[in-house]
Structures are given as C-alpha cells and as structure tokens.
Amino acid sequence: MTAVGIDAIEIWTGKLMLDLPNTFAPVKGDDPEKYTKGLGLYASSFPDTYEDIVTMGANAAKQLMDRQDLKPTDIGRIDVATESAFDHSKPVSTYIAGCLEQVYEGDFRHANKGERKFACVAGTQSIDDAYNWIQAGRNRGRAALVIATDTALYARGDPGEATQGAGAVAMLIDEDPSVVELSTEQGYGSMDETDFLKPNQQFPSVDGKRSMQVYLARMREALEDFESVAWDTHPDDFAYIPFHTPFPGMVRKAGLLGFRHMIRDTEIEDELEGEIGRQPREPDFETREDYEAAIRDHMDDLKRTDRYRAWYDATIDPTLELSSTVGNWYTGSVHIARTSALRHAAETGVDLVGSKLLVGSYGSGAQAEIHAETVQDGWKDEIQGLNIDDQLDARYDLSWSEYELVHDVHEYDKETDIDVEEFTPPSEEFVFTGWGRMNERRYEYVE
Ligand code: COA
C-alpha cells in the first residue's frame, strides 16, 4: 500500500491575544491559577478586525504553498474543516481558493473543493478524505490541501469564554509524506450526544461538564476500537500522544485515562501493585457505583506515581505547549497538539524518525477517532521551518475593553463593522474588505 500522510504543515494564528491570568481573571474575579493551573491556559488568540476563517485559512495555505514551492495545479483537492462557517451553501474552500488565485499564476479549476462539518473532529475527517482519495488512485499525482480554520468564540459570560481561540492549520496530504505517515487502522467512538451545538446560531450552546464526560467516554471507545484492528497499545509504544485540546486540563484527564487503559495486565500494572494496588475490576464489585468510586480513588493514586508522572511529562505535556498560549482552535486543535509535540522534539534534539504517535481527535455531538502515525525522515526540516514563535510574539495584547470591542466586531448580530480600527497593520496577507452585492464576503491581498 502507498505511504500517505502529512507532507507539510503551516499555522496561522489570529493576530490578537487575550491574557487569561492577567486580563481575564481579574475582571471575572477569579484566581488566575484557575486558568494557568486548572484549565492549563495562559492566553487565547483572537482575529484582528480584518481577519476571519477565510483570511486565516488562506494565509496558512499561502505560507504552505510558498514554502513547498507549489502552484495551484499541484493541488487536486481543497477541503476546509470548520465549525465557524458563515454560509450554509457556498463552502469556505471556494473563498480560500479565490484568495489564493489572486496571488498565484494558474487556478484551482480542476480541484475538488468541499467543507467538512463534525465539530472539532472535522479536520481529521478531512485528512481521512484526502487519504482515501489518494489511496483510491483518484488524485492524478496531485496532493490535497486540508485547512482547519476556526474562530472559537463563545457568548460573553458563558463558562466557555475562558477557552476561546482563533487560528488555522494548513496541511498538505500526499504520497511519500515528509512529516508523518498515517496508519490504515483507525478506531471510532461515536454516539448521538447533546454536549455542544450551534443550531443556526453563531455562538455555541454548551454543556461544558457533560462535554468533558462525553469526550472521555467516546475517546475510550475509540481506543478500544483501534486496538481491535491494530494492536494492544502500551504507553511506551508512542513518542507522543496528541489529543484534541479544547484546553490542556481536558487532556490531563484523557492522558490519565489512556495510561490506565494501556497498562492494564502489563508489567507496569505489576510494577505499581505494591505502591497503589491493582486496578479495580468491575466483576469484583456489587454495583456499578461502587466500581466507579473505586476507579476514581485508583486514578487519584495513579496520577501521583513517578511512573505516570514521567510518562505524562515525556508523552503528553509537550503536546500542550502551543495550545496553552493560543486556546481552542476547534478543528485545528489536535493538529496544533501534534505540531507542538514535534516542535518540542526538534527543540530538545529528540530523533523521532520511525517513532510512532497516537492521535486522538474528538468532535462534540459526538465522535472520537484514534489512529497511529509514523514520523518520517523530513519531519525536522518541516517543523524547523515554521514561523509560529514569531507569530505568537507579534500578537497584540488586548486590554479588557479592547477585547470586548473585538468580540463585538466578530459577533454577526452586533452593529459594529470593519470600520473599527485595526490593532495590527496587515502586511503581505489576505484581509477581509467587506460585503459584495449578494452579501458574499470579499477579500484582497495586502502587500
Ligand atoms: N487553582 C487551581 N485550579 C483551579 C482553581 C484554582 N484557583 N480554580 C479552579 N480550578 C480548576 C478546577 O478544579 C477545574 O479542574 P478539574 O476539572 O480538574 O477539577 C478547572 O480548574 C476548571 O474549573 P471549573 O470550575 O470546572 O471551570 P468552569 O466551571 O468555569 O468551566 C469548562 C470549565 C471547561 C467546563 C468551561 O470552560 C467550558 O464549558 N468550556 C467549553 C466546553 C469545552 O471545552 N468542553 C471540552 C470538551 S470538547
């Protein structure tokens, strides 16, 4: 079977930032550590007044095409994953292709364009579509451009307001990839759930606590499903485990659950037996409640063991570095987690070629997907070429009143418009310029 996977990655962050411990927490009357320690978040990215899902996606895609020296005819497919779309019919990929055609010779006339929706798992589903298209031999030697782009804004005052974010991840999916090869094996955990939804409304209706339970339940099912077609996973099988990261605190819970699952009936469980006992087994308990209480106590003990701490620090923590400073990018979030881990490895001199990642995606509503990836020869060059640190450092740090204004500018029903002054000067990027005669959004490239 042909090796297919991620050949290139580019990231575009919204150009503004909200400092959670220093700007958000004081206004909310909260202890700053609720954000830094509890949720694991220091800052969220926001779009400037001239940015939106199209500009961020097009800017990430342009960086990718420039760095890979691609022309439009090299791309046979453009899939955009988003849960922030502003049009029920015309897909965001057409807007992004239109932007790119302003600056490149040639066009995307013979590329298949679409838009994927299933909350935050849609970015991974778009990669699936590209993988299948290439494996089916329908790509005519061309690559697929997958763009996960979102403005993850919540209604003012919603508990989710602390976990906002905005940005885009562009990925090139191709044969003989430079960064990671995708496993054929996948596992799914999927059920009709009402944890987070946007029924014809811009900001989500969220049952935050429920969404956390659903995330963990579906992720566990996806792991079991993956194991049924792949192998019984062991914590030491993977260099990193990037999870969907709505906020790092969520991944702390997922990591612990995954570790407990993977060590059952292994030498690690034997090793830890003297310290914390063996894991509770359901048949040993009279009621489900008793079993669940015993599991909770056992997990509290497990997370304090040196064996778990060392594994978490090496395998999970590096996936959270970017997310803790950009917030939730919905469809892009798990792809930020992968990038964060690879960036950490490049910075700390880890040789990853041939190592495996286990990637856990999740979308509310709800579905988790798990697959493995094998790191390829070109990963380091690709990751070292990213300019994400420069982008993060250049973000404009919003005051509280500026944050309120920016939130209003991006709220469709509010009567502010793009005449509100920008916070950062656009340069060599696509910007939103206003609406056309059919209420379409219009864009241009600024030199
Ligand atoms: N120091 C350290 N930790 C603190 C703290 C402090 N001073 N104050 C609170 N915390 C901890 C809490 O214990 C909690 O951690 P825990 O879950 O491990 O117990 C965490 O910080 C968050 O506090 P909590 O009171 O639960 O926050 P909240 O009620 O404001 O809501 C969410 C948190 C995540 C439910 C909310 O932000 C949300 O709805 N987000 C959107 C939905 C989402 O992202 N779902 C995830 C699945 S996709």
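Q: What makes K37 and E33 a salt bridge?
A: The closest N and O atoms of K37 and E33 are 3.1 Å apart. A salt bridge needs a side-chain nitrogen of Lys or Arg within 4 Å of a carboxyl oxygen of Asp or Glu, so the pair of K37 and E33 qualifies. Both residues lie in helix 2 (residues 32–39), four residues apart, about one turn of the helix.

Q: What kind of model is this, and how are residues numbered?
A: This is a predicted model, in which local features need pLDDT of at least 70 and side-chain atom pairs count only at pLDDT 80 or more, while totals for chains, interfaces and linings use all residues. Residues are numbered from 1 along each chain as its sequence is written, and side-chain values use heavy atoms, with hydrogens and water left out.

Q: Why is K37 called exposed?
A: Its relative accessibility is 53%, and exposed means over 50% relative accessible area, buried under 20%, and partly exposed in between (1.4 Å probe, protein chains only). K37 therefore counts as exposed, whereas E33, at 39%, counts as partly exposed.

Q: How do you know that E10 and R67 meet in a salt bridge, and which parts does the pair tie together?
A: Their side chains come to 2.6 Å, N to O, which is within the salt-bridge limit. E10 lies in strand 1 (residues 4–13) and R67 in helix 3 (residues 53–68), so the pair ties together parts that are 57 residues apart in sequence. Helices (H or I, at least four residues) and strands (E, at least two) are DSSP runs, numbered from the N terminus.

Q: Is E10 buried or exposed?
A: E10 has a relative accessible area of 3%, so E10 is buried.

Q: What makes D107 and R109 a salt bridge?
A: Their side chains meet at 3.7 Å, N to O, again within the limit. D107 is partly exposed at 28%, and R109 is exposed at 66%.

Q: How many salt bridges does a search of the whole structure find?
A: The search finds 33. D265, E269, D270, E273, R278 and R281 are linked in a network of such bridges.

Q: Why do strand 2 and strand 3 count as paired?
A: Two strands pair if DSSP finds at least two bridges between them. Four bridges join strand 2 (residues 16–19) to strand 3, and the two run antiparallel, so they count as paired.
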